[in-house]
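I begin with the strands and then turn to the helices.

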Amino acid sequence: MSRETELEQEGEIAADFIEEFLDTADLDGDLEIEFRQDRAYISVTSDGESNLGKVSDPDVVEALQEITRMAVQAKTGENSRLILDIGGSREIKNNQLRAIVDKAIAKFEETGKAQHLKPMSSYDRKLVHDMVSEAGFSSESEGQGKDRHIVIDKA
């Protein structure tokens, strides 16, 4: 099976799982599946008045994303790297990460000491590495597993 076919299968399984979740929770939302950077990307949006905000907090979405990944893995036998966005949660999360990076860079400039960030997912670490690089600083990941985190230093 080609990687493209695997991603399509992963996206369909994830969309079915999320759709069932929305129905069970009586939440309104429209699903869209995209494929970006070798990942299935599931977006749940709504037009006008909706109760989707009940689950669009980035921490809640991250938990739902992990559960959805486990559901995909249960059906395919393969690890999933899908990304879930509910009601703009990804934009909110990006803004939160940007604030963390800006604060860490300011602290680095103030103290001259490398800044260790809290552990985060591999996807969030990639976003942070990109933000740090854009700001003209360097970063690297340290630690193992759930303790893996980013260290920001001068370029």
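1. Two strands are taken to pair if DSSP finds at least two bridges between them, and the points on the sheet below rest on that criterion. Please keep in mind throughout that this is a predicted model.

2. On that basis, 3 strands make up an open sheet, in which the order is S1-S2-S3 and the pairing is mixed. Strand S1 and strand S3 (83-86) are the edge strands, each of them pairing on one side only. From one strand to the next, the twist averages 20 degrees.

3. Strand S1 (residues 30-36) and strand S2 (residues 39-45) run antiparallel and are joined by 7 bridges. Among the facing residues, Glu34 has Tyr41 in S2 as its bridge partner, while Phe35 stands opposite Ala40 in S2.

4. As for the helices, H3 lies across S2 and S3, and its direction is at about 100 degrees to S3. Helix H3 (residues 89-111) also packs with helix H2 (residues 58-76), at an angle of about 115 degrees and with the axes 9 Å apart; the crossing of H2 and H3 is left-handed.

5. Which residues of H2 and H3 meet? From H2 come Pro58, Val61, Glu62 and Gln65, and from H3 come Ser89, Arg90, Ile92, Lys93 and Gln96. The residues of this contact of H2 with H3 divide into 3 nonpolar, 3 polar and 3 charged.

Conventions. Residues are numbered from 1 along each chain as its sequence is written. This is a predicted model: local features need pLDDT of at least 70, side-chain atom pairs count only at pLDDT 80 or more; totals for chains, interfaces and linings use all residues. Side-chain values use heavy atoms; hydrogens and water are left out. Axes are lines fitted to C-alpha atoms, for helices over the stretch in contact, and angles run from 0 to 180 degrees between N-to-C directions. Helices (H or I, at least four residues) and strands (E, at least two) are DSSP runs, numbered from the N terminus. A crossing is left-handed if the near helix is turned anticlockwise from the far one by less than a right angle, and right-handed if clockwise. Contact means heavy atoms within 4.5 Å. Ala, Val, Leu, Ile, Met, Phe, Trp, Tyr, Cys and Pro count as nonpolar, Asp, Glu, Lys and Arg as charged, and the others, Gly among them, as polar.
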